[in-house]
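Then follow the stops below.

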Amino acid sequence: MASLGVAQQQIGRFAVNMAPYRATRLIDRWNALSLATQFLLAGGLFSLSAMIVVGISVTSQIEAAVTRNSASTTALYVDSVIAPLLPEMRRSEVLEESVAHALDETLGQGALGTRLQSFKLWRSDGTILYSTDKKLTGKRFPPSDNLRTAFAGRMVSEFNKLDDPESQAERDSGLHLLEIYNPVLQPWSGEVVAVLEFDEIATEFEKNLQQALVRTWSDVAAVTAIFFLGLSAIVFRGSRTIRSQSRSLKQRIAELSDLLAQNRMLRLRVQRASQRATALNERYLRRIGADLHDGPAQLVALAALGIDSPVLADAATPAAARARELRAVKANLDDAMREIRNISKGLVLPHVENAELTEILGLAVRAHEERTGVKVMLSMTGGHTPLSPAAKICIFRFIQEALNNGFRHAGGAGQAVAKHFDGERVCIEVSDTGQGFDPKIVHPERLGLVGLRERVESLGGQFAVTSSQNGTVVKMVLNIAEMGQA
């Protein structure tokens, strides 16, 4: 028994501990419902409760009013028929035989005989002076609340509430009766000297009352339904608006999240591009320095050595030898100047900002042909699309550097430039038919491809290199629409 008690205590504590958890789950499930569903459940329960309360209140008042009005009509009729038969009740303690006989005749025939199930005449002490049930005449009962109310001067009426001891016969009849207590007043003084109790057969009254109650409940239910449906329409409309705005807000949030993610990616790309641009600038400076050192500087050094040579310093040197030495010095200086011009020409950008795309391609190809003497095939398809100055500069430098790389590493074999449009994208391809290479093993110090990739991707474009034994293709793609939005 002790173990059973301990187990019951543990079960009780477990139930107590689980109660908050269950309440939390119910609250979560309720909050998970839509606004319209919550209104249907809560509003429906409230409307049903309000309808029941209002219906009960209204029907109770209607039943009381109908019962009172019907009882008043019957009491007035009975009083008009019975009152003339009664003697001076203030002095009479019992009814005379003639009065009782007259009451028997009056109550046993005519309208009263068919309407009344029973009739009693009460004295104030609870004695029944007269009754249609002769066994009750002369008996005394404790005054009921209804009897005391009637002796106080107010008529009392009840429907189907035959719970008094003297109403056994009426209960046994099984009929629906309207019980009425009507005070008998002294004509001159208005004093209540007796009370008439009669039970009217209320078959028609019950039918009318039921019809009134049904109509009342129908009206209350209809008004409640119309009210609830009207509110439901408003709530459903508001719920749809809220759902629509919620979906729109979620879509906006998703779009903003995507934009933020894109901005973060672009910021990272810009930062990486800036860092790589700084490193590339340093590499370009080192490259220019190396080109100047290995080219013009060496030639100028050779010219300086020629000027300081013994041939020119010795006055006895023949004129012909002196002239040859001077021609060699001049040739070195001319080569140095040519190298400097070539380097400068590669650094200086022609005026491409106001040129069309076809003109830019032609300028880049002609400059390469003039510098290298290699013939480049140029093909252009598609229409004319306005480009930003940055895009024009990027395309010119891309063609220039790609052709230089092809000339430097493939000897300029089969070099070609092609331009075409793919929707809102412009595509530029530079190709050759050289021996090719493996793009995966390009040394990072080689600035050509690295610089091209950085330049194209800094504008949001795409860069690709494909190479094989049959040649190399370098391709760039710029989205004109995205660049215009940017």
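**Stop 1**

Select Asp 145: it is exposed, with a relative accessible area of 54% (exposed means over 50%, buried under 20%, partly exposed in between; 1.4 Å probe, protein chains only). This is a predicted model, where local features need pLDDT of at least 70, side-chain atom pairs count only at pLDDT 80 or more, and totals for chains, interfaces and linings use all residues. Residues are numbered from 1 along each chain as its sequence is written, and side-chain values use heavy atoms, leaving out hydrogens and water.

Helices are DSSP runs of H or I, at least four residues; strands are runs of E, at least two; both are numbered from the N terminus.

**Stop 2: two further salt bridges**

The structure holds three salt bridges. Select Arg 453 and Glu 457, which meet at 3.7 Å, N to O. Both sit in helix 12 (residues 447–457), four residues apart. Next, pick Asp 125 and Arg 123, bridged at 3.1 Å. Asp 125 is partly exposed at 24%; Arg 123 is buried at 18%.

**Stop 3: an aromatic pair**

Select Trp 122 and Phe 141. Their rings pair edge-to-face, 6.3 Å centre to centre, with 65° between the planes (centres within 6.5 Å; planes under 30 degrees apart are stacked, over 60 edge-to-face, the rest tilted; for Trp, the six-membered ring counts). Trp 122 is buried at 1%, and Phe 141 is buried at 16%.

How values were computed: A salt bridge is a side-chain nitrogen of Lys or Arg within 4 Å of a carboxyl oxygen of Asp or Glu.
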